[in-house]
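Subject: Structure handover

Hello,

Here is the structure for you to look through. Please open it before reading the notes below it.

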Amino acid sequence: MGGAKMKYTAEAGHWYTRAGEPAYTYENDSGETKKTTLREARKLDLVPSVTSILGIADKPALTHWKILQAIQATKDIRRSDYEDEGSHLKAVLRESKRVGREAAERGTEIHGMIEKGFKGGFEGPAYLAVRSVLDVVFPDESWQAEESFCSKSGYGGKIDLCSSAGVFVDFKTKDNLAEKTISSLVYDEHGMQLSAYANGMNFLNPERLSIFIDRDDHSVVKFHLWDKESHSRHLEMFEALLKYWQLSKNYNPLEDTK
């Protein structure tokens, strides 16, 4: 960027270098840390993340959850506290976004707890619960946490957990997990995400496991082991979204140069 010194850090963001390193932020000539955008990605030959690509598809369950938060916010934020309806609606919107933001932050925190456990750090309830699932489903695997990559197909990502034998694991955090059935938790996008990770790491016939963890009581977990037959379908679905993303952004890092 105009001779700016680049400093890649692993904060919130959705870009990766060709070496598979997170490029979520950059440091400009003034020493300011900025979030990497498509503009910088074009100049630096970065690739988008799996989650960025999946983000262009509609997620009905997430949309429904956001609507419920907005409805709840209208009950929590009193109309009488604001001079006009416009101010009241803005306050409701801020409140509903706050709930979503805090849920995402809590999810990131729990992911960090699990990562520490697998990297030899503090073995808290979240790690122990996840470990109890893995010890039953894949008892003989050796695990690597937060492995990042860059695919030859022009995308990157960071995997919650994987093994050298080709097992890919993704964690999702949920509220009131004990009350929910596994069928109500699992969506094609979860399988697509894991298939994209496996493809990015050059595994043709992976095992894929989704583990759900309660945001409040980390000892409550549920899991879904994906059948191998759905991998090719999920990968094809992801690749269709990847192509759409490239066309909609007018950016294909396999074709563009700095």
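Predicted model: local features only at pLDDT ≥ 70, side-chain atom pairs only at ≥ 80, totals over all residues.

Residues are numbered from 1 along each chain as its sequence is written, and side-chain values use heavy atoms, with hydrogens and water left out.

The whole protein. The protein has eight helices and nine strands; these are DSSP runs numbered from the N terminus (helices are H or I with at least four residues, strands E with at least two). The radius of gyration, taken over C-alpha atoms, is 20 Å, close to the 18 Å of the globule rule for 258 residues, so the protein is as compact as a globular protein of that length. That rule is 2.2 Å times the number of residues to the power 0.38. Along its principal axes, the C-alpha trace spans about 60 × 50 × 35 Å. Of the 258 residues, 41% are buried, meaning under 20% relative accessible area; exposed means over 50% and partly exposed lies in between (1.4 Å probe, protein chains only).

The sheet. Five strands form an open sheet in the order β5-β6-β7-β8-β9, with mixed pairing; two strands pair if DSSP finds at least two bridges between them. β5 (143–150) and β9 (221–226) are at the edges with a single partner strand each, so one side of each has no neighbour in the sheet. From one strand to the next, the twist averages 35°. Seven bridges join β5 to β6 (residues 156–163) in the antiparallel sense, and Q144 stands opposite C162 in β6. Helix α7 (residues 188–200) lies across β5, β6, β7 (167–174), β8 (207–214) and β9, and runs at about 145° to β7. Such angles run from 0 to 180 degrees between N-to-C directions, with axes fitted to C-alpha atoms (for helices, over the stretch in contact), and contact means heavy atoms within 4.5 Å.

The rings. Rings of Phe, Tyr and Trp (its six-membered ring) pair if their centres lie within 6.5 Å; planes under 30 degrees apart are stacked, over 60 edge-to-face, and the rest tilted. There are ten aromatic pairs by this rule. F149, Y155, Y197 and F238 are linked into a cluster by ring pairs.

One residue. A104 is in helix α4 (residues 85–118) and is partly exposed, with a relative accessible area of 48%.

Regards
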